[in-house]
Amino acid sequence: MSDHDPLAQDFVQFAVECGVLRFGSFKTKAARMSPYFFNAGLFDDGAKLGRLAEFYAQRLLSSGIEFDMVFGPAYKGIPLGAALAVELARRGHNVPFAYNRKEAKDHGEGGTLVGAPLKGRVLIVDDVMSAGTATRESIAIIQAAGATPHAVLIALDRQEKATENGQDVPYSAVQFVQRQLGLQVSAIAKLGDLMHYLAGHSDAGLAEQYLQVQAYRERYGVDEG
């Protein structure tokens, strides 16, 4: 995917307009001060969630990733996976959907899994991948059920170094999942797409944000080669 990817550019603009992608100074889980913040929880009405699902579906169907069902990890992945499953069905690709709950239930259907039985090649849907922890938990759940964790679909790839034991490592969480865990990962947009979006605007505020994001990427970015 190049920085000229029209789908990614449309998505970045959509995220900015929704207030999901914000600029300023934000502390990340890795205790870094980031000049931007992506909060998928702010896709907070039916229209936004429906449009988001369209972006996920378009990226997924154009990626060539083959899968048998969708899995949404608790908590943010649950509405994302559900919305994607609805949009895929609308496009003629009706697939099973499941999600997990954080706490096991001791009545009713019981257990931590809800929805369709986990079978075949499972696609994990989430918003961003910061440390890869949620993905590793999902992989364990899927494998325990006898299914195959096959790929991960996320909204934004921050393309920055992961941390292990408080130290920066030379690869991102996405690269770890791809190289060490062997799963395909597809993102609607990447940090490079965000920079391309900022660079293409004459607005003085956005031009300043570009410099801030560029400096952050130079410090924490990973080699995509």
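These legends describe an overall view and several close-up views of a predicted model.

Residues are numbered from 1 along each chain as its sequence is written, and side-chain values use heavy atoms, with hydrogens and water left out.

**Figure 1. Overall view of the protein chain.** The chain has seven helices and ten strands; helices (H or I, at least four residues) and strands (E, at least two) are DSSP runs numbered from the N terminus. The C-alpha trace spans about 55 × 40 × 30 Å along its principal axes. For 225 residues, a compact globule would have a radius of gyration near 17 Å, and the value of 18 Å for the protein chain agrees with this. The radius is taken over C-alpha atoms, and the globule rule is 2.2 Å times the number of residues to the power 0.38. Buried residues make up 47% of the 225 residues, where buried means under 20% relative accessible area, exposed over 50%, and partly exposed in between (1.4 Å probe, protein chains only). Of the contacts (heavy atoms within 4.5 Å) with a separation of 6 or more, 71% are between residues 24 or more positions apart.

**Figure 2. Packing of helix α1 against helix α2.** Helix α1 (residues 6–17) and helix α2 (residues 46–63) pack at an angle of about 160°, with their axes 11 Å apart. Axes are lines fitted to C-alpha atoms, for helices over the stretch in contact, and angles run from 0 to 180 degrees between N-to-C directions. The two helices are therefore roughly antiparallel, the term for angles over 145 degrees; those under 35 count as roughly parallel, 65 to 115 as roughly perpendicular and the rest as oblique. Their crossing is left-handed, in that the near helix is turned anticlockwise from the far one by less than a right angle. Leu7, Ala8, Asp10, Phe11 and Phe14 of α1 make the contact with Lys48, Arg51, Leu52, Phe55, Gln58 and Arg59 of α2. By class, this contact has six nonpolar, one polar and four charged residues; Ala, Val, Leu, Ile, Met, Phe, Trp, Tyr, Cys and Pro count as nonpolar, Asp, Glu, Lys and Arg as charged, and the others, Gly among them, as polar.

**Figure 3. Surroundings of helix α6.** Seven of the nine residues of helix α6 (residues 191–199) are buried, so this helix is largely enclosed by the rest of the structure. The buried residues are Leu191, Gly192, Asp193, Leu194, Met195, Tyr197 and Leu198. They pack against helices α1 and α7 (204–220) and strands β1 (21–27), β2 (33–38), β7 (148–157) and β10 (184–190).

Figure 4. Alanine 74 and tyrosine 75 are joined by a cis peptide bond with omega of about -5°. Tyrosine 75 is placed in the loop between β3 (69–72) and α3 (77–90).

Figure 5. Glutamine 159, in the loop between β7 and β8 (163–164), has phi near 50°, a positive value in a residue other than glycine. Its relative accessible area is 6%, and glutamine 159 is buried. Asparagine 165 has phi near 55°, again positive in a residue other than glycine, and is found in the loop between β8 and β9 (167–168). Asparagine 165 is exposed, with a relative accessible area of 81%.

**Figure 6. Contacts of serine 172.** Serine 172, in the loop between β9 and α5 (173–179), is buried, with a relative accessible area of 2%. Not counting residues up to four places away in sequence, serine 172 touches Glu160, Lys161, Ala162 and Val222.

Note on methods. This is a predicted model: local features need pLDDT of at least 70, side-chain atom pairs count only at pLDDT 80 or more; totals for chains, interfaces and linings use all residues.
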